[in-house]
Each structure stands twice: as C-alpha cells, then as structure tokens.
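Have the sequence and the 3D view open as you read.

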Amino acid sequence: MSESNTPNPNYEPGAHPDWPPPVKTTGVIGWVRLNLLSSPLNIVMTVVALWFLGTVIPSMIEWLLINAVWDAENRVDCWKQMTFPGDPDYLSKELPRGWVQPGGCWAFIENRMSLFVYGFYPEPERWRVKLSFLMLVVAVLSVLWDKMPERKFFLWYAVAFPFLAGWLLIGGFGLSPVETDLFGGILLTLILGVTGITFSLPLGIMLALGRRSKMPVVRILCVLFIEFIRGVPLIALLFVASTMLNYFMPPGTVFDLLVRVLIMVTLFSAAYIAEVVRGGLQGIPNGQHEAADSLGLNYWKANRLIILPQALKISIPGIVNTFIGLYKDTTLVLIIGMLDPLGIGRSSLADAEWAGLAREVYLFIAIFFFISCFSMSRYSIYLEKKLHTGH
Amino acid sequence: MTANTETNISSAPSVDASEVIISIDAMHKWFGDFHVLKNINLKVHRGERIVICGPSGSGKSTLIRCINRLEEHQQGTIEVDGTELTHDLKNIEIIRSEVGMVFQHFNLFPHLTALENLTLAPIWVRNTPKAEAEEAAMKYLERVKIPEQAHKYPGQLSGGQQQRVAIARSLCMNPRIMLFDEPTSALDPEMIKEVLDVMIELAESGMTMLVVTHEMGFATAVAHQVMFMDEGEIIEQNIPHEFFNNPQNDRTKLFLSQILQH
C-alpha cells in the first residue's frame with residue numbers, strides 16, 4: 001500500500017481500480033480452472049476425457065496417416081506396401097497369417113477419384129462440370145458474402161445459376177447433349193442439394209405464409225400439402241418419382257428421372273422448411289404486424305420488410321438443420337439406382353482389384369459429407385451472430 | 001399529477017369547428033360474444049385533441065384501434081377524413097397512411113436502425129426517394145431530440161427514446177391524425193416526461209390527436225375534450241376543467257377519485 005507509485009491518488013482508501021484482476025481468474029490458468037477443474041466431478045471428467053483422447057487419437061493418426069498408402073496399383077500392392085515399409089522387394093513377400101490391415105489404402109480413393117467427382121459424365125466433356133463447380137463457388141460466395149463488390153449483379157447471377165449450370169451440364173448452348181443418367185458422384189449430390197436448397201426455401205416460405213393465411217382455401221391447400229409430404233417417407237416419394245410420376249403426366253411427355261427426383265426432393269424439403277418458418281412467424285409479436293399495418297404497408301410489403309426478416313432470423317437454426325438433412329438425404333437416390341457418392345463407392349467395391357476396402361470408401365464419403373454439413377452449420381452460427389441487433 | 005395545471009393551451013384557437021375529420025356513428029363491436037363497444041358516437045374536428053380515459057377493459061384502446069382498422073367494427077359507420085372504413089382494402093390503406101399510431105409497447109422494428117424505422121414507410125408506401133426520406137427522418141429525429149441515436153437499433157435505446165422514435169416514425173408519414181394508445185404506460189417514471197414533452201410540442205403544432213392515457217396533467221394541459229369510457233360506452237365527455245372539477249356521472253367520480261388520490 002504505497003501511494004507514491006499510484007498515478008491517481010484520488011481513489012477511495014482500499015479501492016484499487018488500477019490493479020489488474022487476480023491472476024487466477026484470467027488467461028490460460030483462469031480458463032483451465034474455470035472450465036476443466038471447477039469441481040470434483042469436473043476434474044474426474046477432465047481426466048477421463050484426456051485418457052480417452054490419449055488412447056484413441058494416436059492409433060487413429062497411425063491408421064489414417066502414418067501407415068497409410070497413397071499410391072498403389074491394386075489392393076495387394078497396397079497391403080504389402082504398408083506391411084513391409086521401406087522394403088524394395090515387398091511384392092514378393094507373403095502377408096503373415098492373421099494379418100490385420102495396419103493403415104488406410106487411400107490409393108484406392110485416388111484411383112477412383114474422378115468417378116467419385118463426376119460419376120460417368122463423359123471424359124472429354126468434364127470441363128463443363130468443372131466450370132459449373134466454379135460457377136457454384138461464385139454463386140455461393142455472392143449469397144454468403146454481403147460485402148462483395150457489385151453484389152446486386154451477382155445475386156441475380158446466383159438466382160440464375162441453377163438454370164445456367166443445368167443447361168450447361170445437359171448440353172445447352174449448342175454443346176453436345178449428355179444424358180442425366182451419366183451424372184453421378186459429388187456432381188449428383190451437389191445438383192440435388194443445391195437445387196433442393198434454392199427452391200425449397202422460397203416454396204417453404206410461401207407455404208408457411210399460406211398456412212397462416214386468412215383465406216380458407218389457401219390455408220387448407222397448404223395444410224394438406226405440408227401434412228401429406230411430411231407424412232410420407234422420402235424413399236416412398238422417390239419410388240413414386242421413379243416409377244409412377246409418368247403415369248400422371250399427359251401421354252407422350254418425357255420427363256427426365258433426375259428432374260422428377262429433383263421435384264420430389266424440393267417438395268419434401270419445402271414442407272419441412274414451411275413448418276420451421278411457421279414457427280419463426282409465430283415468434284413475431286403481434287405488435288409488429290400492427291405497427292406495419294398502421295404505417296400503411298400492405299400484406300406483401302409488411303411480410304417482406306418487417307415480418308419475414310425477423311421470422312427467418314429466428315428460424316435460421318431450423319432452416320439450416322433442414323438443409324443439412326436434405327443434403328444428407330440425397331444419398332437415398334442410391335435406392336432408385338442413381339449413382340451418388342455412396343452408389344459409386346458400392347460399385348467400386350465390387351471391383352476384384354480393390355474389393356475389401358470398404359472402410360476407406362465409407363470414411364472418405366463420411367468426411368466429404370461432414371465437411372459440407374459442418375461448414376453449413378458454422379455459417380449459420382456466424383449468420384445468427386451477425387444478424388443479432390441487441391434485442 | 002394534479003388536475004389544475006396553469007399552462008393550459010387547450011384554449012388555443014386551433015380547432016376548426018366546421019370541419020369534422022373523424023366521424024363515428026352508432027358503432028358497435030364484439031369480440032366473439034363480448035360486446036366491447038356499445039353505440040359509440042363521436043365527432044372529432046380538425047386540430048382537436050381528445051384524451052380518452054377509463055378503467056382497463058373499458059374499450060378505450062379498442063375504440064382508437066377501430067379508427068385505423070386494427071380492429072374491425074361490426075355495426076355503424078366510421079368515416080375518417082371523408083373516407084368510410086369498409087372491407088375495401090384501398091380505403092383502409094388510404095386511411096392508415098393518413099392516421100399515425102403510437103403504441104404502448106412502441107412496436108419499433110427491432111431489425112432496423114432508428115433511421116431505417118423512420119424511412120421504411122415513406123420509401124415503401126409513399127415511394128419517396130431514399131435520400132429525401134432520410135433527410136426528412138433526421139428532421140423528425142431532431143424534433144423528438146434524439147438525432148444522435150439515428151444509427152442505433154431499438155434494442156440499444158431506452159424506453160423513452162424508443163417511444164420518441166416511434167412517434168417520429170409515425171410523423172414521417174405526415175399524418176393528419178395521431179392516435180396514441182397508452183404511450184407512457186410501459187415507461188419507467190423518469191422517462192415519461194421526455195415523451196409527454198414531445199406530445200405537448202406536437203399538440204402545440206395543431207395536430208389532431210386522440211390519446212388514451214391516464215396522465216391527467218397532460219390532459220389538462222393540452223386536451224380540448226376529455227372523455228371517460230366504461231364497459232364499452234362513452235360515459236361522459238367535457239372540457240378538461242369541467243371534467244376534472246365537476247364530473248357529472250358517479251362512475252366518472254369514482255374513477256377520478258381512484259386515479260387522482262395520490
């Protein structure tokens with residue numbers, strides 16, 4: 001307590017606003033104390049978690065990376081490489097009895113990579129797929145990045161993107177036509193996911209508004225639609241798409257299977273989006289409607305400017321949840337014979353050269369889906385924080 | 001609040017007795033089976049300021065909400081500035097854009113800044129160019145004395161500031177009539193004055209005002225007429241001095257004794 005080194009001597013006796021907080025409450029030590037060691041139970045759980053991670057992580061890294069083989073001709077080549085590392089004569093040796101595969105054979109995935117990405121899209125035309133991936137990146141960027149230069153133009157481009165890319169892929173713009181049953185792999189997943197997401201959101205919003213409409217006809221139609229779609233498994237709808245839908249159409253109309261599946265996926269997801277958005281709409285206090293009404297805004301303007309911006313903000317977690325569900329559900333098209341990454345994986349495993357490497361295939365597909373879905377989830381959290389205006 | 005305030009501007013010759021701007025005739029309203037408004041007859045002249053008071057559930061809020069069709073009446077007629085309120089959406093929109101309303105809970109748009117709250121309706125209902133709307137909005141924010149809060153969100157403002165933004169938001173549409181639905185009831189005591197000051201300034205400018213409030217000091221200072229409602233009926237209506245000092249009806253006397261006691 002020496003007042004000589006205090007720059008401001010006007011403090012009350014005993015008060016030291018110039019003192020830093022106690023060491024034990026801030027910094028790394030403070031964080032560890034607060035989050036890992038705050039109570040006896042917490043200490044036990046921290047120890048158990050550390051032990052678990054310490055056991056699992058090293059062997060995981062060993063299998064995934066250290067013992068893994070990235071370049072091989074076939075599965076035997078792969079197995080022998082990882083069993084006799086550094087041995088130049090490894091191919092002539094025999095695998096020991098009771099041998100267990102010590103690492104991942106990523107050479108298999110590398111070997112099939114183009115199949116995983118493009119499906120059976122004809123090789124000379126694959127630049128179109130690459131171009132449409134690039135176009136997708138630009139479209140996604142313009143939707144997600146609100147400070148993009150010339151954003152207005154790019155947003156219109158993003159609206160046009162699904163049509164432009166679709167046209168490019170099936171052979172518009174004077175290019176040679178490509179049948180949609182050759183579409184596969186990640187290309188197919190992205191077509192299903194992007195189309196489903198972009199079209200189900202506006203459709204879902206309209207259904208949600210319709211369900212709350214004061215006009216009984218509109219309301220009943222929306223309720224029937226939503227309840228019917230929600231009451232039927234997606235698989236059933238996909239079977240309807242693949243087998244029955246053409247019977248409902250006027251005779252002679254040829255209706256591509258992929259288009260039929262896209263419609264079903266979009267309708268399915270729209271019904272869920274509608275319920276999520278309806279929940280958001282119910283969270284908007286009536287005063288907001290009244291304020292909008294009293295200023296003379298009509299129904300559409302009030303919804304567009306006042307109600308929906310707030311309702312959609314509340315609904316972001318639910319909407320993104322539905323999108324992630326939709327994105328993963330695209331793998332169900334495997335059952336009606338379309339070759340999404342899972343379908344490609346299964347057919348690759350049937351190859352005698354590579355049979356038995358199921359772990360690598362499914363792990364690869366899992367990682368692909370995880371990266372996609374985790375980014376969506378993180379973006380939704382970022383968006384929620386950004387739109388928070390302190391109320 | 002005392003009923004005998006000397007700063008009385010209600011005698012200001014701003015009422016044009018010849019011009020009726022709101023005319024309510026034999027109006028009834030029900031909520032389901034509940035008869036909430038019974039045979040309401042009311043004429044409001046241009047520039048007139050009427051304070052409506054009454055116990056809660058007496059239908060006073062419902063009455064002013066009928067004037068801009070936030071509530072629908074089932075019998076009788078309501079005419080605002082020569083336009084009758086019917087199911088015609090066009091008429092409703094015309095009337096709403098000429099009648100401003102201030103709510104008990106402000107009802108600002110929380111996702112927009114104060115300035116955006118003000119410019120939204122001029123831009124989207126009146127098609128005012130954005131720059132022009134912002135200039136006008138800043139003028140109104142200065143009038144309610146919070147231009148420095150223009151770029152804050154409602155969630156960052158105090159209750160009194162929010163209510164002043166809400167008043168400015170209504171004024172941006174250049175309304176000919178302002179409805180106030182208990183504008184100070186949700187405010188902390190120390191913020192009531194700043195809102196009442198804005199309302200008094202508005203009254204001095206000659207605005208036609210219908211105010212549901214229990215601020216009797218305000219009523220004495222600015223109202224031409226004070227109206228007492230109970231159980232869906234207009235019980236008594238008089239100039240403030242007479243209303244407070246010489247109430248006729250027993251229910252009015254009881255109500256006044258209850259709110260003026262402390």
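## The nonpolar cores

A nonpolar core is a set of buried Ala, Val, Leu, Ile, Met, Phe, Trp, Tyr and Cys residues joined through side-chain atoms within 4.5 Å. In this predicted model, the largest such core has 125 residues. The residues with the most contacts inside it are A:Phe183 and A:Val261 from chain A, together with B:Ile24, B:Ile52, B:Leu63 and B:Leu210 from chain B. Helix H12 of chain A, residues 299–329, gives the most to this core, with 13 residues. Apart from it lies another core, of 48 residues, including B:Leu115, B:Ala137, B:Ala203 and B:Ala223. As a general background, nonpolar side chains tend to be buried together in soluble globular proteins.

What does B:Ile52 touch, not counting residues up to four places away in sequence? Its contacts are B:Lys60, B:Leu63, B:Ile64, B:Leu210, B:Val211, B:Val212, B:Thr213, B:Met227 and B:Met229.

## Helix H1 of chain B

Helix H1 of chain B spans residues 60–67, and eight of its eight residues are buried, so the helix is largely enclosed by the rest of the structure. The buried set takes in B:Lys60 and B:Arg65 as well as B:Ser61, B:Thr62, B:Leu63, B:Ile64, B:Cys66 and B:Ile67. Just after this helix, B:Arg69 takes a positive phi of about 65 degrees.

Strand E8 of chain B, residues 208–212, is mostly covered, with five of its five residues buried. In a regular strand the side chains alternate between the two faces of the sheet. Here, B:Thr208, B:Leu210 and B:Val212 lie on one side of E8(B), B:Met209 and B:Val211 lie on the other, and all are buried.

## The cavity

The count comes to one cavity of 30 Å³ or more, and about 30 Å³ of space lies in the largest cavity. Its lining draws on both chains: A:Ser294 and A:Leu295, and B:Arg96, B:Ser97, B:Glu98, B:Val99, B:Gly100, B:Ser170, B:Met173 and B:Pro175. Helix H2 (89–98) and strand E6 (99–102) of chain B each supply at least two lining residues, and the largest share, three residues, comes from H2(B). By type, the lining divides into four nonpolar, four polar and two charged residues.

Terms used
Residues numbered from 1 in each chain as written. Chains lettered and ligands numbered in written order. Predicted model: local features only at pLDDT ≥ 70, side-chain atom pairs only at ≥ 80, totals over all residues. Heavy atoms only, no water. Buried < 20%, exposed > 50% of the residue type's maximum accessible area, 1.4 Å probe, protein only. Helix = DSSP H or I, 4+ residues; strand = E, 2+ residues; numbered from the N terminus. 1 Å grid on protein atoms, 1.4 Å probe; cavity = no way out; pocket = protein on both sides within 12 Å on 5 of 7 lines; lining within 4 Å. Points joined across faces, edges and corners; volume = space filled by probe spheres on them. Nonpolar A, V, L, I, M, F, W, Y, C, P; charged D, E, K, R; others polar. Contact = heavy atoms within 4.5 Å.
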